[in-house]
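Work through these exercises on side-chain contacts. Each task is followed by a stepwise solution.

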Amino acid sequence: MPDNGRSPAGAATVTLTIDDREVTVPKGTSLLEAAALQGTALPHYCYHPGLSAPAQCRICLVEVEGAPKLQPSCVTMAQDGQVVKTDSPEALKMRKGVLEFYLVNHPLDCPICDMSGECKLQDYVFAEGREHGRGREPKRVFGRDDFGGDVLYYGDRCVMCTRCVRFMDEVARDSRLTVVERGSRAVIDTFFDEGLEGASFAGNVVDICPVGALVSKDFLHKARAWDLDSTPSVCPGCSQGCNIELHTRDNLVQRLKPRENAEVNGHWMCDFGRANYEGLNRGGRLEAPAAGRGAKRRPAGWDEALGQLFARLQAAAGADVKIVGSAEWSCEGLAALAAVGAETGEVSARVFRSRCAADEDRLPGFPALARRRDLAPNVDGARTLGFSRVGGEDAAGGLEEVAAHDGVLFVLGDDLADQEAAFGEAASLFVYMGAHGSEAAANADFVLPVTTFAEQEGTFVNVQQRVQRFWPGLRAPGEARPAWLVLGALLAALRGGEAAPASAAAAFSWLAGERAAFAGLSYEGLGAEGAPLAAPAGGNGAA
Amino acid sequence: MAISVKVMKRPEAGRTSYMRATLKGMSLTFKHLVRPQAATLEYPEEQPDLHPRWRGTHRMEVHADGRPKCVACGLCPTVCPANCIRLVGGEDDQGVRYPIVYEIDEFRCIFCGMCQEVCPVEAIHVGHHFENAEYERDRFVYDLDRLMDQDHSTTLLWDPSDRRSE
């Protein structure tokens with residue numbers, strides 16, 4: 001490639017050779033990142049893309065032609081014409097030696113270590129280390145230290161990469177961790193007894209720890225890394241919509257881990273969101289559709305229930321319609337609900353209720369990320385779709401008018417936990433769609449089980465007006481179906497002749513065609529990282 | 001491919017004598033009458049001699065203080081090809097990782113011995129035991145206490161005197 005030092009975009013680039021292959025990277029890229037771009041994964045502990053690199057772990061050493069010694073690739077910047085060898089005998093020998101030193105005091109307690117299976121020390125020693133240890137001396141033993149919060153520290157397993165110390169310094173800007181003592185006696189410790197208690201982003205040190213030194217108390221001994229299935233998703237904790245992975249086993253969410261998205265959450269997520277997964281594992285779900293009010297309620301198949309509901313909606317044409325949505329349901333479901341309401345009659349209320357926190361909790365080193373005030377993932381999506389928030393900060397109250405409504409009443413996803421059994425008594429038609437049953441649903445003419453976001457595909461809109469997709473990580477219980485599938489079929493029948501969406505992609509393209517705010521977006525185009533909404537907010541009503 | 005049939009040539013009827021073969025057979029019979037070779041085992045009065053590598057009912061080894069040796073690492077349920085081991089790990093009051101639930105379904109088990117082979121702490125073993133008859137099917141799921149109570153000798157997966165066998 002001719003070396004003109006400039007890429008078409010105008011940014012300076014350099015061209016170098018890594019393992020006999022030429023690669024062109026932006027100026028200021030480290031050798032480690034350049035090698036990754038070229039397809040060579042170099043081992044590293046202290047380097048982390050979200051942190052500074054102190055080049056102290058010495059595990060990323062590579063041979064650079066002309067340099068007298070091996071170079072740490074995480075801090076050596078790529079230069080024009082450089083010839084780098086990542087797997088020369090010299091580099092391999094050095095890395096093997098470094099790994100042997102790491103194992104001098106490592107307890108090799110993989111069978112009882114929570115990190116086993118996703119541990120970088122395990123991986124690197126397996127790939128490049130010695131087959132047998134040569135140490136005969138006894139190993140030093142530290143035991144474990146409770147750092148407070150959700151973090152537990154095993155000093156024996158630590159490789160002293162100081163990622164956790166740098167995270168607390170640089171990103172959380174709350175220097176609560178430090179290295180004490182030196183040499184083989186060095187450990188990570190906290191100041192005084194304060195520990196990490198109350199540090200609201202401290203859970204990230206568990207994620208970035210490359211070995212099993214920092215582990216989560218919540219996840220301790222719960223599951224093995226290789227037993228977990230990982231599904232890309234969006235955190236349901238607040239309207240920030242951090243990109244996460246649902247780690248599931250036995251159809252239960254075992255833990256949440258952040259998924260990288262430079263626009264939303266970087267590599268991080270907050271402890272509030274991390275601990276907020278129990279709701280997804282809640283039992284007592286609605287499993288089969290049922291029709292009939294109070295004592296007359298009978299289980300019905302989907303065909304039967306939707307057929308009856310369709311007839312009732314047609315009969316109720318022109319009625320006054322009130323809709324209670326939920327900021328925990330997908331945009332497709334809420335939009336389809338609003339459209340079904342508009343198709344039935346005059347919609348006089350579109351409301352949702354969600355919990356609110358007193359203030360935001362921002363991550364100083366990554367200001368785009370904060371635990372937002374709205375503690376539901378799709379508050380902005382619901383607002384965009386014309387729903388307005390009612391009730392108190394604890395998601396209670398505010399439904400007096402709806403409860404006494406005498407027209408058609410739709411409830412999607414709101415448990416109505418604070419409502420009386422007389423809720424909707426006067427309604428001419430009351431449709432309750434939710435994941436859990438409710439006492440206030442006693443007067444419902446139809447109770448339809450719908451899936452939570454963790455059991456279906458769909459999209460949320462976060463506080464940055466960014467549409468983000470999520471994927472199903474859990475199996476839906478019984479006959480529960482996604483709300484967009486149920487309501488999409490109903491809407492297609494009401495409109496007569498329109499094709500019902502058979503997939504989440506079809507539901508989203510319907511939404512993009514229906515609502516101006518979503519216009520121009522494609523489901524495939526959203527990808528794993530999402531895309532901003534076309535118009536800022538304040539969507540217009542459907543039809 | 002065509003099937004080829006080989007036609008055996010047989011002596012014509014009435015042209016052969018079976019006397020020699022009969023005597024040969026009878027001689028074997030009389031030999032057994034004089035010096036019996038016991039192929040039949042009078043089970044259950046007589047017990048079979050189990051081979052050192054016989055892989056039978058599981059057994060959990062215990063420490064001197066009665067705790068199971070298992071550290072709930074999860075390798076045996078991972079390696080088990082019949083998926084017959086259920087394990088839930090936890091921590092006891094000393095901070096030691098141990099199995100809260102450890103169950104082996106002896107019906108599902110195919111007695112391959114891989115659980116013993118993979119165990120890093122030599123806790124779970126297959127053993128020299130095969131008489132597991134029960135009156136109820138549920139009883140074939142052995143829980144941790146029952147596995148620890150087993151007292152039969154355990155299987156040698158290799159010959160300790162022969163290093164090559166390891």
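Rings of Phe, Tyr and Trp (its six-membered ring) pair if their centres lie within 6.5 Å; planes under 30 degrees apart count as stacked, over 60 as edge-to-face and the rest as tilted. The model is predicted: local features need pLDDT of at least 70, side-chain atom pairs count only at pLDDT 80 or more, and totals for chains, interfaces and linings use all residues. Residues are numbered from 1 along each chain as its sequence is written, chains are lettered from A and ligands numbered from 1 in the order in which they are written, and side-chain values use heavy atoms, with hydrogens and water left out.

**Exercise 1.** Find the aromatic pairs over all chains, and classify A:Phe460 with A:Phe470.

Step 1. The search of the whole structure returns 13 aromatic pairs.
Step 2. The ring centres of A:Phe460 and A:Phe470 are 4.5 Å apart and the planes meet at 45°, so this pair is tilted.
Step 3. Place the residues. A:Phe460 sits in strand β24 (residues 458–461) of chain A and A:Phe470 in strand β25 (residues 466–470), so the pair ties together parts ten residues apart in sequence. Strands are DSSP runs (E, at least two residues) and helices likewise (H or I, at least four), numbered from the N terminus.
Step 4. Check burial. Both A:Phe460 and A:Phe470 are buried (under 20% relative accessible area; exposed is over 50%, partly exposed in between; 1.4 Å probe, protein chains only).

**Exercise 2.** Classify the pair B:Trp54 and B:Phe130.

Step 1. The centres are 5.8 Å apart with planes at 65°, so the pair of B:Trp54 and B:Phe130 is edge-to-face.
Step 2. B:Trp54 is in the loop between α1 (19–34) and β1 (56–60) of chain B. B:Phe130 is in the loop between β4 (124–127) and β5 (141–142), 76 residues apart from B:Trp54.
Step 3. B:Trp54 is partly exposed at 33% relative accessibility, and B:Phe130 is partly exposed at 31%.

**Exercise 3.** Which residues form one aromatic cluster?

The cluster consists of A:Tyr45, A:Tyr102 and A:Tyr124.

**Exercise 4.** How many disulfides does the structure hold over all chains?

Step 1. Apply the cut-off: a pair of cysteine sulfur atoms within 2.5 Å.
Step 2. The count over all chains is zero.
Step 3. B:Cys84 is in no disulfide, and its nearest cysteine sulfur, in B:Cys80, is 3.6 Å away. B:Cys84 is buried at 6% relative accessibility.
Step 4. For B:Cys109, the closest cysteine sulfur is that of B:Cys84 at 4.4 Å, too far for a bond. B:Cys109 is buried at 12%.
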